[in-house]
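Hi everyone, thanks for making time this morning. Let me put the sequence and the model up, and then I'll walk you through a few helix contacts and a couple of backbone details.

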Amino acid sequence: MTWQTGIQRPNTASTTAPPEARGHGTRAYWLSPPGLVTLAATVIALAIRLYLLTRLRYLTGITEYDDGVYLGGAVSLLSGTVPYHGFAFVQPPGVLLLMVPVALFAKVSAITSAMAAARLLTVGASVACVALLGSLVRHRGTFVTLVACGVLAVYPDDIMAAHTLLLEPWMNLLVLAGACVAFRAGRLAPPRRLPWAGALFGLAGAVKYWAVLPALGLLALCLLTEPGDGPGRRRRGAVAFAGGAVAGFAVPVLPFAAPWPRLFVRSTLLDQVSRAGSAVPESLRLAHLTGLADLLNDAGRLTVSGNEGSLFARGDVTAAATWATGWLPVLLAVVLAAPTGAGYAVGSARAARASRIDATAEPGTSAGTAPGALSGPGPLEWYALGTLACTVAAVLAYSAFFYHYPDFAAPWLAISAGYAAGALAARERKATAHHPRRSRRGRLAWAAAAFIAVAGFQAWELSGQRAPDVHADAALIPPGACVVSDEISLTIAANRFTAGSGGCPDVLDSLATTLVAGDGVSVQGGAKALPQVVGDWKAVFSRADYVWLSGSNARRIPWTPALRAWFASVFRPLRPPPGQVSEGQVYVRRR
């Protein structure tokens with residue numbers, strides 16, 4: 001089975017060709033209607049993401065667990081400590097390498113300033129994804145570009161994933177950059193470009209393994225889509241893409257994996273696959289995937305409230321959520337899937353009808369496509385739909401779930417929704433053929449107004465956000481003291497990060513420390529019953545002057561009665577001055 005790329009015939013009345021095909025340069029590219037729409041959506045995306053960082057202490061305070069692991073890992077790497085061998089780490093090394101410049105900044109300034117820089121850079125990565133998405137779909141016209149870019153700009157979990165240093169925005173940036181290289185006007189680019197596309201996909205895989213799904217989808221597309229030169233060129237394209245992907249992955253990964261291959265595979269792959277975590281029901285996952293998190297509260301009820309009332313404004317609560325949200329997310333998923341499927345069906349039927357008409361038309365004429373009509377789904381649209389299905393399945397099936405996981409599916413949801421909306425709008429255009437321009441402008445105005453309204457509503461939802469204040473805890477710990485914490489982000493926010501320095505234990509990810517010591521067994525999976533894991537944690541605490549435990553430490557550290565008794569005999573709790581609030585509990589070694 002092959003897809004004939006020649007079926008897709010963008011009409012010049014509704015399509016803007018890439019700048020290299022028109023020779024008008026960058027200015028004409030961005031000042032065209034699709035370019036202006038892309039810029040507008042990018043500005044909205046930037047505004048809402050930067051607004052979140054202006055909330056109290058959100059730029060430098062503690063808002064996440066993972067961001068401290070990644071920034072701390074980059075700082076430790078720059079200091080000469082190698083991940084996997086020097087400290088437990090369960091992700092590929094790509095994010096550490098990306099953050100090396102930020103780690104350099106931490107060396108000459110406070111690490112809190114480096115965290116602020118990492119968060120601003122991650123906002124930039126997320127916003128750049130909107131611009132790249134617009135570049136991918138602009139050949140479909142202004143309306144499709146508006147819908148696709150608008151969906152990604154206001155997608156709730158994309159906004160929350162961009163608020164700090166997380167993997168998904170960087171993975172999406174590299175994947176979409178690779179897709180922009182691999183596609184030209186919705187069709188596969190010549191084989192000479194595919195190695196570069198593959199290299200970008202490979203780099204994305206070095207950030208997070210999940211990038212293998214869109215990479216495999218594009219490899220399949222290379223094999224199934226038959227260019228004009230026949231099967232030989234198709235195979236050359238697939239080999240070129242696969243070679244680039246292998247190289248893009250191997251170059252950043254092999255220096256870390258080659259010295260300890262078994263440890264690397266076990267830490268980044270086997271331990272992740274086999275770990276047991278808190279069960280998160282599919283309905284809650286669907287609430288995030290469909291964007292319903294904007295309107296759903298902790299109790300699974302619809303809410304229209306600011307000040308952290310919705311799951312969107314409280315993304316962190318899904319880290320430990322086990323409740324079911326009822327039937328509403330499932331219903332919304334079906335409601336959203338129906339018009340997407342209908343749009344693809346309408347577009348496919350129109351393309352098939354046009355092909356039949358063209359086959360019977362006079363030579364040199366083409367009567368199949370009416371002016372302004374949107375052609376059938378091409379390789380890019382089918383690729384986006386297939387990748388959307390795979391990414392949604394991965395998010396629903398994976399053993400763990402966090403609010404930033406649905407961002408993996410966000411770009412493909414946006415592309416599929418954009419095409420479907422364009423195809424259905426083109427069908428509706430027949431009913432208003434006597435005023436086509438007015439109808440087109442009306443649709444654009446209504447869609448733009450809707451996205452602006454959603455962004456405004458989200459800003460209102462986020463208006464009450466604030467990060468915890470850790471200054472009272474920081475005052476209890478002298479600068480430079482050896483501190484061990486189950487949540488390293490606490491020490492970074494307090495500017496007390498000392499992991500790996502001066503003989504201090506390099507514990508950046510307490511969950512990873514437990515997983516690696518227990519061969520993939522987490523606390524929830526029974527790590528307390530493993531003497532080796534408990535012994536490793538006792539050895540870690542024995543080298544610390546201070547221990548800072550978060551309120552969630554029991555989910556990461558295998559506390560047994562014996563370990564608790566020993567800890568209480570060695571450390572005593574510290575209390576902040578009256579009137580000040582502590583974030584977690586700080587302990588100091590008894591003298």
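Before the helix pairs, a word on axes: each is a line fitted to C-alpha atoms, for helices over the stretch in contact, and angles run from 0 to 180 degrees between N-to-C directions. Helices (H or I, at least four residues) and strands (E, at least two) are DSSP runs, numbered from the N terminus. Please keep in mind that this is a predicted model, where local features need pLDDT of at least 70, side-chain atom pairs count only at pLDDT 80 or more, and totals for chains, interfaces and linings use all residues. Residues are numbered from 1 along each chain as its sequence is written, and side-chain values use heavy atoms, with hydrogens and water left out.

First, the overall picture. The protein chain has 24 helices and 8 strands. Of its 591 residues, 55% count as buried, where buried means under 20% relative accessible area, exposed over 50% and partly exposed in between, with a 1.4 Å probe and protein chains only. Contact here means heavy atoms within 4.5 Å. Among contacts in the protein chain with a separation of 6 or more, 76% are between residues 24 or more positions apart.

With helix H8 (residues 142-154), H7 packs at an angle of about 155°, the axes being 9 Å apart. For the wording, angles under 35 degrees count as roughly parallel, over 145 as roughly antiparallel, 65 to 115 as roughly perpendicular and the rest as oblique. H7 and H8 are therefore roughly antiparallel. On the H7 side the contact uses Cys129, Val130, Leu133, Gly134 and Val137, and H8 brings Val144, Thr145, Ala148, Cys149, Leu152 and Ala153. By class that gives 9 nonpolar, 2 polar and no charged residues. The classes are simple: Ala, Val, Leu, Ile, Met, Phe, Trp, Tyr, Cys and Pro count as nonpolar, Asp, Glu, Lys and Arg as charged, and the others, Gly among them, as polar.

What about H3 and H7? Helix H3 (residues 33-53) and helix H7 (residues 111-137) pack at about 160°, with axes 9 Å apart, so this pair is roughly antiparallel too. The H3 residues in the contact include Thr38, Ala41 and Arg49, and those of H7 include Arg119, Val130 and Gly134. This contact divides into 10 nonpolar, 4 polar and 2 charged residues.

Further along, the axes of helix H15 (residues 282-289) and helix H17 (residues 379-397) come within 9 Å and cross at roughly 140°. That makes H15 oblique to H17. Glu282, Arg285, Leu286 and Leu289 in H15 meet Val392, Val395, Leu396 and Ala397 in H17.

On to single residues. Val181 sits in helix H10 (residues 167-182). Leaving aside residues up to four places away in sequence, Val181 touches Ala189, Arg193, Trp196, Ala197 and Leu200.

Last, the backbone. Most residues other than glycine have a negative phi. Where is Tyr84 found? It is in the loop between helix H4 (66-78) and helix H5 (94-98), and its phi is near 80°, a positive value. Tyr84 counts as buried, because its relative accessibility is 5%. Asp519 also has a positive phi, near 55°, and lies in the loop between helix H22 (510-517) and helix H23 (531-542).
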